[in-house]
Amino acid sequence: MTASQPPILGRALLWLALPESDLQTIRGDLDEEFATHALPNGGAAHARSWYMRQVWTSLPHSLSSRCRTAEIPQTVLVAYLGFLVPVATLNALRSYVLSQIPLKADSLRPTEFLVASLALGMFTTFLYGFLIPSARRNVICRTSCLLALASLLPTLLALLVPAFAPQGWYPLRVLILGPAGVLIGATARRNAVRSPAIRGGKKKQFVAPTIVSENNPNARFLDDKVRAVPSTLAD
Amino acid sequence: MPTHPNLGEFEQIVLLALLRLGDAAYGMAVRREIESRTGRDVAIGAVYATLDRMEEKALVKSSVGDPTPERGGRAKRSFRLTALGSVSLKQSQRALKQMTRGLAPELIS
């Protein structure tokens, strides 16, 4: 990163906060204004501070737009319901099995069970992230990332102020692992479908020679190849 | 009598900026126009949120242009006023004029 480029933090915040419909246009507008007005008129420091000010003041509007377009509510619903439903089912199953065993009904949940239930919840949200259609994947990825980061705030608060820490930290783990599972699933799928030719940022293009004429270089190339073939085979 | 959407102060300012800019009206140009004329440092997010809301009400219409290198290959979204937007703006301006008529000159100028 050089001083003549917009700050990475600002770009990352925009990526997280902007609704899909405005992401390209607002980032384009800010980059253009940064390069053509802010940088030549006030220098790199002024331009970068202007960019960050624009990002911070735009965040509330962008987040409210995303709530209005149902991007955030949908992901919240899927990330947390997708996590909690299998976990609650597993809990209910365990309670039922233990209720059938004398003197075992009120036994505490062992750590292994809690870890297994968290893993199950994360697996289901991972599956959701993996199976969502490609058209929605980018939106869900960005929203899950935003949710996971937002969930880190109560965790940090609980770490700093023990009075806020919930018993067993279980709810906070659910808050983080739900969207994290979706994000990991969507990212894994995106990497799986990406072909090696596209990975370098360059799309490999193959132009099929369809018109055979003297002006078409591909046609001439084909013609040379055909001429190079022994006449016995060509016949 | 047909009813037109009521416009807030910022919506009127944005629509007037669109009128002033004509074909060159896109998000950042609108923001710059408002800043230069009113002195308000407006967030680009606020401009787009307002434009999106007014597009839902059919007061403005947007079209996406070609990507340019200085925008990092991203397309520009231009806006223009619709007939409904124009009528709503006139109605709001008329209401404001009616309310200010006859008041002390120092309030109006």
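The structure is a predicted model. It scores ipTM 0.85 and pTM 0.66. Chain B averages a pLDDT of 89. In that chain, 94% of the residues score at least 70. Among the elements of chain B, helix α1 (residues 9-21) of chain B has the highest mean pLDDT, 95. Helix α5 (residues 105-108) of chain B has the lowest, 69.

In chain A, helix α3 (residues 71-99) meets helix α4 (residues 111-131). Their axes come within 8 Å and cross at roughly 140°. The crossing of α3(A) and α4(A) is right-handed. On the α3(A) side, the contact is made by Val78(A), Ala79(A), Gly82(A), Phe83(A), Leu84(A), Pro86(A), Val87(A), Leu90(A), Asn91(A) and Arg94(A). Helix α4(A) contributes Phe113(A), Ser117(A), Leu120(A), Gly121(A), Thr124(A), Thr125(A) and Tyr128(A). By class, the residues of this contact of α3(A) with α4(A) comprise ten nonpolar, six polar and one charged.

The contact between the chains takes 20 residues from chain A and 17 residues from chain B. On the side of chain A that touches chain B, ten residues are polar, six are charged and four are nonpolar.

Note on methods:
Residues numbered from 1 in each chain as written. Chains lettered and ligands numbered in written order. Predicted model: local features only at pLDDT ≥ 70, side-chain atom pairs only at ≥ 80, totals over all residues. Axes fitted to C-alpha atoms, helices over the stretch in contact; angles between N-to-C directions. Helix = DSSP H or I, 4+ residues; strand = E, 2+ residues; numbered from the N terminus. Left-handed = near helix turned anticlockwise from the far one by under 90°. Contact = placed C-beta atoms within 7 Å. Nonpolar A, V, L, I, M, F, W, Y, C, P; charged D, E, K, R; others polar. pLDDT = per-residue confidence, 0-100.
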